[in-house]
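Subject: Structure for you to look at

Hi,

Here is the structure I promised to pass on.

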Amino acid sequence: MRPTYLLFTGAMVLASLGCLWDAWGDREGLTLYATAVVYGLVLEKLVIVAFGAYTYPAEAYLFDVLGVPLAIAFGWSAIIYAGTTTARAYGVPLRSLPGFVALFALHVDLSMDAIAIRVPFWTWTPPGPWFGVPLGNFFGWFCVAFLFAGWFELLRRRLSHPLALGAGTFVAALATLLVALELWTTFVEGVALGAGILLVLGVLSALALVRWPPTFADRPARSAVAATLLFHVFFIGIFVVTGTYRTLPVLGVVSVAALGVGIGVHALPDWARTVTRRRRTRP
């Protein structure tokens, strides 16, 4: 096993354990975390079997289940948990929360995926227009985060038992995800249409946050913040170590910009309070 894969596994496990640390002692938080781990593992296997657009070199990883590295499931759990708990801490209303979590996930993947395929941690077949990554990948990321967060937040208002909440979220999110991906693969042809759909989804999610804005009532847990930033820092490191900066310097700009967005997202409460204070002190 190459050291790079061991480091990737360690980074994903560390990010996930940070989220588990935050969830510990909170029954609903543990349900969110555990369901996200299982969801991440199963969705990967089902999507590979159903659509066959990418593969993992499972033999290169330390642990895998049916050809899916456990590192991937831990990575998904960290992104979903951090995005959802950040949205909650910010007081994002239910109507705009799924879109917030989806955009949160996308800001991580826009640079991560393009760097990952150059190791390769996984391989796309055929490659796509975004530094070798197909646009369908970003649609998939949007749907994975949007549907899980949406179903979990909706069902937790109706189901109190953790097993019922976890199972209901898992089944509903996975079923609607597979339908969404099937519609994409069946009807979306060409880069222009795919890019247009992604742009519309992004704009609608942003407009929802304007229509039903966060209150910034609280701060997200430090472990959730650290988990998010770990993704950015790790893949910027891989970008440098693999020498990708020599052939694709613009990808470095994208990666640093994504890190800046990640820092900015977690600085939003301070910014919002500063703006509020200035408005109150105006004559």
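Let me begin with a charged pair: Glu28 and Arg88 form a salt bridge, with their closest N and O atoms 3.5 Å apart. The term stands for a side-chain nitrogen of Lys or Arg within 4 Å of a carboxyl oxygen of Asp or Glu. Because Glu28 lies in helix α2 and Arg88 in helix α3 (residues 70–89), the pair ties together parts that are 60 residues apart in sequence. Searching the whole structure gives five salt bridges.

Before you read on, please note that this is a predicted model, in which local features need pLDDT of at least 70 and side-chain atom pairs count only at pLDDT 80 or more, while totals for chains, interfaces and linings use all residues. Residues are numbered from 1 along each chain as its sequence is written, and side-chain values use heavy atoms, leaving out hydrogens and water. Helices (H or I, at least four residues) and strands (E, at least two) are DSSP runs, numbered from the N terminus.

Next, the helix pair. Helix α1 (residues 3–23) packs with helix α2 (residues 27–51) at an angle of about 160°, and their axes are 8 Å apart; axes are lines fitted to C-alpha atoms, for helices over the stretch in contact, and angles run from 0 to 180 degrees between N-to-C directions. This makes α1 roughly antiparallel to α2 (the word applies to angles over 145 degrees). Ser16, Cys19, Leu20 and Ala23 of α1 make the contact with Gly29, Leu30 and Tyr33 of α2, where contact means heavy atoms within 4.5 Å.

The loops have some backbone details to check:

- Val119 and Pro120 are joined by a cis peptide bond, with omega about 0°; Pro120 is in the loop between α4 (97–116) and β4 (123–124).
- Thr125 and Pro126 are also joined by a cis peptide bond, with omega about -5°; Pro126 is in the loop between β4 and α5 (135–155).
- Leu66, in the loop between β2 (64–65) and β3 (68–69), has phi near 55°, a positive value in a residue other than glycine.

Finally, Leu204 is found in helix α7 (residues 191–211).

Best wishes

How values were computed: Parallel < 35°, antiparallel > 145°, perpendicular 65-115°, else oblique.
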